[in-house]
Amino acid sequence: MTGRFITFEGGDGAGKSTQIRRLAERLGEAGKSVVTTREPGGTPLAESIRNVILSGGARGFGAEGEALLFGAARADHVEKLIRPALLAGQWVLSDRFLDSTHVYQGLAGGVDETLLAALDRVTVGRTRPDLTVILDLPAELGLQRLAARQSAAGTAPDRFEGDALSLHQARRQAFLDIAAREPERCAVVDASRPEDGVADEIWRVVSARLLHPPRRPATRAGG
Ligand code: T5A
């Protein structure tokens, strides 16, 4: 695969959609062909599963059943959109991916990690992110931003946004734990700052890790 795969993760209202838009613009100016997408969703089938889950219609299945639905949506998304785009050399920016399932359904939702790891193998195989940007901010601030957006648009919180503050806080910590375990893949960015500062830091991370990575010292054959 010649393209690059970047996922954005973090709590509700952290600014993922906003920052994906900003990064897509900058990568486009740098001459890259970019595809932006989201989870759950990204294909017609996965978008229909999104509607069922986020409306709360699948709540009765429990966290395990919801994890299977997220997995089914993801398998379609990877097969029909993400993998073909990467094979065509495009940069794919996804609003959420595997880590969201591990945090929302796993660490904070109680679904067994062994089951989730098996689901990952079936749904995405070796199509894993080159970089995951974790937008970190206090849960209260993310919820305030969402409340402001919802009151302006006249919409209501979805299936997960309406959860207790303590659960949102546990999710924030769970994303930070993933970043601590996988520092080579993940970069934590302070998302409590104004939009421009967050965008600049993400650009620095993408430039350093993917656009202009440091050259590895040449190894001598033989010796
Ligand atoms: N989920 C998802 C699971 O449980 N398991 C899974 O496997 C997956 C894939 C998805 C839900 O599903 C759950 C997680 C989610 O709860 P969603 O609607 O896609 O639902 O929800 P989010 O991914 O959380 O997206 P949101 O739109 O809610 O938040 P974003 O994208 O993080 O934030 P954004 O950019 O829309 O910004 C929110 C508001 O803040 C403002 C924006 O203008 C906007 O109004 N804003 C800022 N304000 C001040 N300073 C900044 N720096 C700002 N950045 C943005």
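Guide: Let's start with a term: a salt bridge is a side-chain nitrogen of Lys or Arg within 4 Å of a carboxyl oxygen of Asp or Glu. In general, side chains of opposite charge can pair when their charged atoms come close. In this structure, Glu182 and Arg185 meet in such a bridge, at 3.0 Å from N to O.

Visitor: Before we go on, what kind of model is this?

Guide: This is a predicted model, where local features need pLDDT of at least 70, side-chain atom pairs count only at pLDDT 80 or more, and totals for chains, interfaces and linings use all residues. Residues are numbered from 1 along each chain as its sequence is written, and side-chain values use heavy atoms, leaving out hydrogens and water.

Visitor: Are Glu182 and Arg185 buried or exposed, or something in between?

Guide: Here we use relative accessible area: buried means under 20%, exposed over 50%, and partly exposed in between (1.4 Å probe, protein chains only). Glu182 is at 35%, so Glu182 counts as partly exposed. Arg185 is at 13% and therefore counts as buried.

Visitor: How many salt bridges are there by this rule?

Guide: The count comes to 13. Have a look at Asp163: one partner is Arg159, at 3.9 Å from N to O, and another is Arg171, with the closest N and O atoms 2.5 Å apart. Asp163 and Arg159 are both buried, and Arg171 is buried too.

Visitor: How do I read the overall fold?

Guide: Look for helices (H or I, at least four residues) and strands (E, at least two), which are DSSP runs numbered from the N terminus. The protein chain has eight helices and five strands, and along the sequence they follow the pattern β-α-β-α-α-β-α-α-β-α-α-β-α.

Visitor: And what about the backbone: which residues should I look at?

Guide: Most residues other than glycine have a negative phi, and most peptide bonds are trans. Here, a cis peptide bond joins Glu39 and Pro40, with omega about -10°. Pro40 sits in the loop between strand S2 (34–38) and helix H2 (44–54). Arg96, a residue other than glycine, has a positive phi near 80°.

Visitor: Where is Arg96?

Guide: Find the loop between strand S3 (91–95) and helix H4 (98–107), and you will find Arg96 there. Its relative accessibility is 11%, so Arg96 counts as buried. Across the protein chain, buried residues make up 44% of the 223 residues.
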